[in-house]
Amino acid sequence: MLLIHCPWCGARDEAEFRYGGQAHVDRPPDPNAVDDREWGEYLFVRDNPRGRFSERWVHSAGCRRWFDVVRDTATNEMSAEVPSRSGRR
Amino acid sequence: MSNEFRLADGGRIDRDRPVRFDFEGQQLQGYAGDTLASALLANGVHRVATSNKYGRPRGIMAAGAEEPNALVQVEAPFPEPMLPATTVEVRDGLQASGLPGKGRLATEEDPARYDTMHTHCDVLVVGAGPAGLAAALSAARSGARVIVADADTEFGGSLLGSGQTLDGRAATDWVRRTTAELAEHPEVRLLPRTTVFGYYEDNYLVALEHRGDDASSRQRIWRMRAREVVLATGAHERPLVFSGNDRPGIMLAGSARTYVNRYAVLPGRRAVVFTTNDSAYAAAIDLHDAGVEIVAVVDAREVVSTYWASLCVERGIRIHASTGVVSTSGTDRITSAHLSSLGPEGNHPTSVRQVVTCDLLLVSGGWNPAVHLHSQARGSVRFAEDIGAFVPDGTDQAARSAGAVTGVLATGKCLTSGAEAGRDAARAAGFDAELARVPDSKHAPILAARHLWVVPGSGDSDGTTQFVDLARDATVADVRRAVAAGMDNVEHVKRYTTIGTAHDQGKTSGTLSTGVIAEVLGVGVGELGTTTFRAPYTPVTFAALAGRERGDLYDPVRVTAMHDWHVEQGALFENVGQWKRPWYYPHSGEDMETAVLRECYAVRSGVGMQDVSTLGKIDVQGPDAAEFLDLVYTNKMSTLKVGRIRYGLMCTADGMVFDDGTVTRTAEHRYLISTTSGGAANVLAHLEDWLQTEWTHLRVHLTSVTEHWATIALVGPESRQVLADVAPELDVDNDGFGFMTWQEGNVAGVHARVCRISFSGELAFEINVPWWYGREVWEVLMAGGRPYGITPYGTETMHVLRAEKGFPIVGQDTDGTITPHDLGMSWAVSKKKDDFLGKRSFSRPDTARTDRKHLVGLLPEDTNLVLPEGAQIVEQPELGEPPVPMLGHVTSSYRSAVLGSGFALAVVKGGRDRVGETLYSPVGDRPVPVTVTEPVFYDKEGARRDG
Ligand SMILES: [Zn+2]
């Protein structure tokens, strides 16, 4: 049970959150301008590193806000939460 | 046979409270404070169980949770399988029997209550032996919030069974005083009978508390988040591997000492002690002094401790150095130990030199620190040569180990390391902690141990009776077989041999098996390492984990404002997400099919009413609401006029149907959207996600209003008349109140929003009133409809009616691989919008295929047949050899009152191009013919919609 720091509510149990996958995957500004391969990558292809990984979480059983964290996928250590208002999916 | 092995005095049992229990039909007596194991030993019972693979007799080997052998099935007070007799407290009425290899689950429902506690603390101390108690004292005196958890019925750990002194007085005095002081601290919580079994990320630890069968809850799970953790989990004694090392009467030396000192029980009359280290000598002395004849101390070392030797000489106990027990005799109990000299290398089998008659054989191969929780916390371990076992070697969690778990075995060192750990933990948690003074203890010099993994036996060169893991009946022969098969890693050998995978998770066999594997492989124990320890440390029942979350409390139950009315009418209910929805309303004597046919007929021919309050409702507000809805729906919502309603389809970015519902424009910058009953929360989350993270510039607010509005669907050709009677102010004419429009007005005296929406193809009104008035308005409508034969109907009828019209249900007729085009709903996909979720994906090659699975109708040739939902669709009447190509499957299937036959919806490859074809569906043992049709079965021209 991770202890996750919601930028709005503070530290809460992982059970209050939902995971949103990799952060900063930009939706192409004009989807019609990208080819099928690029669009397919936007939809389905994600990084899966061992180590630091920017990812999205939503405090679904709390303030319902989305935010980004950097998590080390080997140790689960989380850091540098940024409210994802400026972030991307 | 009544407690003939019980000493006349001493021990920590309560002699004023005798208890009677039943073991395998024998009425036996014990005392409060006994475990089942100690009470059995007091009665001379050693053989408890039968091993699960070879059916060998097995006895009591240990005195705690590490017991590999003595498993019992408890029959009363409540049936529980597979409990170690060493952890079951005896009580009046306890009924148990030895496990014949396997346990048996209870067949009746567990009447006990289980509970869950959630808590936080500054310092969590796991284990209340000398180190844990000293740690708790240092931490508690600083004012930190401290929790002390220990599996045993009372605090003290090894001090309870060692008979030693602290500050010149009985160690148990210090335990009592320390526990009393801890209990005085307002911020300290003491949890005896509580096993911490899981250590998860960020110092989240989970424990199981046994509160007793008479407590308000029998067991309690503790979920604890600690700033700092002190692991004072102690050590388990390691047995030795020799031929016939599994017979009843063979016991760990330290455990035998516990039976004598703590329970005042003699585990035998005539004992041999076989050891590789000093610790077993204390057991030999204590047993001797209690009246056990110690016929021999067999020490594998060439040189033995002069300190212990002199104590033995004083008592006339003979020591055999450079000697080992190589085999044993006996069936239900050991009758003799066979001694042989061991060379310095120990690997050369020599013939038996001496046979010693005994009824008890104490063994000690050293001590294994209980690093389980440390390892669960992703701590690493290293091999400590001095004790021949693995000790903690750092963790990234805010945790520290203290006492025997770190490999220090002398009580004085355990006390000091505990006090330091407690102080350091409290300081790390922000408290001004000092080192608590620890009592003085007598310190015997420790002579180096000999690490002996397999005692070479002359009579068993295969190692088939040299048991490494008694709980799994795994032997040296099994390890050799695994290594011969190419396993050269402990994890692989563990899986190949199942060593360490039983109820005890190899507490006694873990390090031993690594030693044996290393010896077979010819490598160092340290370089081989251990297996990874995983939760739970000891078995935990599902009942405890479930706690109160069972039955009605398993999941929140959501009911509508009209729920009680449905109950009063005898409705049966269907679970839709967390909602209870009326499924159908059977009249007396009706089965489901009859009731549903009646309800369907009533709606199509007269008027029916359904509670549709559970449909999700989201209030969408803001100057950019229209732009936002254009992006998330496939159809255009910005062009919808205030006062009108449009059906809407939502896709995910990959173009697959996600949810559907209606969009009602209530004002220039305000919409009310509806969702499926089960999808409401997901839709809100999906919309918030896009709003918050992608289209952050849009000024839109989303609010769930599902439970603000009670919603009643009034459906059927007579519905207009019923509504007109009940809401005379409302203009219900088709001209004044057109399809897909809404009006506000009084319905039954309550301000309502009425929508003309139909999910059945019939003339229909959807009446929304504030939740509070739901039942009242519902009852007025029922009364008003009585002259028209109004019929309440449930979800099953709703499903049939919508299927007759070919309306798909998202999540039933779709499964996340279905596009709007697959559903034949291209009409709901805007061609004018530049962008919306899903649009770009529609032109991906796979999504644009023309032979995708399409939603079609199916009519079985046998009109009486209702196809099972999920049935496969195939091309040919003969299935042939597998794999049989599948064309699709049935998604919805019912019997229709208006069609007079069974009918189905299905997704079928290229289905729209197959209309009129005959396909087959394997039902039972043969494929039955079905005709592919358009998905709309009834009123194709839509004539009934306006009444
Ligand atoms: Zn929050």
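The legends below walk through several close-up views of a predicted model.

Because this is a predicted model, local features need pLDDT of at least 70 and side-chain atom pairs count only at pLDDT 80 or more, while totals for chains, interfaces and linings use all residues. Residues are numbered from 1 along each chain as its sequence is written, chains are lettered from A and ligands numbered from 1 in the order in which they are written, and side-chain values use heavy atoms, with hydrogens and water left out.

**View 1. The zinc site of chain A.** Here the zinc ion is held by A:C6 (SG), A:C9 (SG), A:H59 (ND1) and A:C63 (SG), at 2.0 to 2.3 Å. Donors are N, O and S atoms within 2.8 Å of the metal (3.2 Å for Na, K and Ca); water is not among the atoms, so sites may look incomplete. Along the sequence, the donor residues follow the spacing C-x2-C-x49-H-x3-C. The arrangement is tetrahedral because the four donor atoms subtend angles of 105 to 118° around the zinc ion. For four donors, that term asks that all angles lie between 85 and 135 degrees. Buried means under 20% relative accessible area, exposed over 50%, and partly exposed in between (1.4 Å probe, protein chains only).

**View 2. Where chain A meets chain B.** The contact (heavy atoms within 4.5 Å) takes 28 residues from chain A and 30 residues from chain B. About 2700 Å² is buried between chain A and chain B, and carbon and sulfur atoms give 41% of that area. Buried area is the accessible area (1.4 Å probe) that two parts lose on being put together, summed over both. Between the two chains there are 17 residue pairs in polar contact, with both residues at pLDDT 80 or more. A polar contact is a pair of N or O atoms within 3.5 Å; within protein, one must be able to donate a hydrogen and the other to accept it, and residues adjacent in sequence count only if both atoms are side-chain atoms. Five salt bridges are also counted between chain A and chain B. One pairs A:R64 with B:E688, whose closest N and O atoms are 3.1 Å apart. A salt bridge is a side-chain nitrogen of Lys or Arg within 4 Å of a carboxyl oxygen of Asp or Glu. On the side of chain A that touches chain B, helix 1 (residues 36–44) of chain A gives the most, with six residues. Helices (H or I, at least four residues) and strands (E, at least two) are DSSP runs, numbered from the N terminus.

**View 3. Helix 5 of chain B and its surroundings.** Nine of the 11 residues of helix 5 (residues 253–263) of chain B are buried, so this helix is largely enclosed by the rest of the structure. Among them are B:A253, B:G254, B:Y259 and B:Y263. The buried residues of helix 5 pack against several elements of chain B, including helix 1 (36–42), strand 17 (250–252) and helix 6 (279–290). Just after helix 5 of chain B, B:A264 takes a positive phi of about 55°. B:D286 and B:R257 form a salt bridge (2.9 Å, N to O). This pair links distant parts of the chain, with B:D286 in helix 6 and B:R257 in helix 5, 29 residues apart. B:D286 counts as buried, at 19% relative accessibility.

View 4. The side chains of B:R495 and B:E491 meet in a salt bridge (2.8 Å, N to O). About one helical turn separates B:R495 and B:E491, because they are four residues apart in helix 11 (residues 490–497) of chain B. B:R495 is partly exposed, with a relative accessible area of 49%, whereas B:E491 counts as buried at 17% relative accessibility.

**View 5. The surroundings of B:P792.** You will find B:P792 in strand 43 (residues 791–792) of chain B, where B:P792 counts as buried at 15% relative accessibility. Which residues does B:P792 touch, not counting residues up to four places away in sequence? They are B:W565, B:Y585, B:E599, B:M609, B:W778 and B:M782.

Technical notes:
Tetrahedral: all angles 85-135°; square planar, octahedral: opposite > 155°, others 65-115°.
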